[in-house]
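Please look over the sequence and the model below before reading on.

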Amino acid sequence: SGELQAAIAEDGGFKKWIKALGKAQARKGKRLFMPVRIALTGRMQGPDVGEQLSMLALEDNSLGDGVEYVPLADRIEALRKWSAAQ
């Protein structure tokens, strides 16, 4: 629905998004954060998920010339295509 992508673009938006998700799912703590972390990063541990997503949401070339990464919008679109094919 684009809610996560919009939240990441907003300062502090990821925290608001995760809090709303927790309320909607009646989950908190590890029961909320671990599935979100795994779904978004593929890992059970690592740096703050919100900070990782903020970096992925950066505009093209904002990391400097020669630094390549896959923007968040492209990652979400790939996930949608994969999910639709399942």
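Predicted model: local features only at pLDDT ≥ 70, side-chain atom pairs only at ≥ 80, totals over all residues.

## Overall make-up of the chain

The secondary structure of the protein chain consists of five helices and zero strands, so that, reading from the N terminus, the order of elements is α-α-α-α-α. Of the 86 residues in the protein chain, 21% are buried, and the chain exposes about 6,700 Å², of which carbon and sulfur atoms supply 54%.

When contacts in the protein chain between residues at least 6 apart in sequence are considered, 25% of them join residues that are at least 24 apart.

## Helix H2

Helix H2 covers residues 13-25, and because 13 residues at 1.5 Å a residue should span 18 Å, the 18 Å between its end C-alpha atoms agrees with expectation. The buried residues in H2 are Gly13, Phe14, Trp17, Ile18 and Gly22. After H2 comes alanine 26, which has a positive phi, near 55 degrees.

## The aromatic pair

A search of the whole structure finds one aromatic pair. Its partners are phenylalanine 14 and tryptophan 17, which are stacked, with 5.9 Å from centre to centre and 25 degrees between the planes. Both residues belong to helix H2, where they are three residues apart, about one turn of the helix, and both phenylalanine 14 and tryptophan 17 are buried.

## Valine 36 and its partners

Which residues does valine 36 touch, not counting residues up to four places away in sequence? Valine 36, which is found in helix H3, touches Phe14, Trp17, Ile18 and Leu21 when those sequence neighbours are set aside.

Valine 36 counts as buried because its relative accessibility is 11%, and the cut-off for a buried residue is under 20%. The C-alpha atoms of valine 36 and isoleucine 18 are separated by 8.6 Å, although the two residues lie 18 residues apart along the chain.

Terms used:
Residues numbered from 1 in each chain as written. Heavy atoms only, no water. Helix = DSSP H or I, 4+ residues; strand = E, 2+ residues; numbered from the N terminus. Expected span 1.5 Å × (residues − 1). Buried < 20%, exposed > 50% of the residue type's maximum accessible area, 1.4 Å probe, protein only. Contact = heavy atoms within 4.5 Å. Areas by Shrake-Rupley, 256 points an atom, 1.4 Å probe, with all protein chains shown as cover. Phe/Tyr/Trp six-rings, centres within 6.5 Å; stacked < 30°, edge-to-face > 60°.
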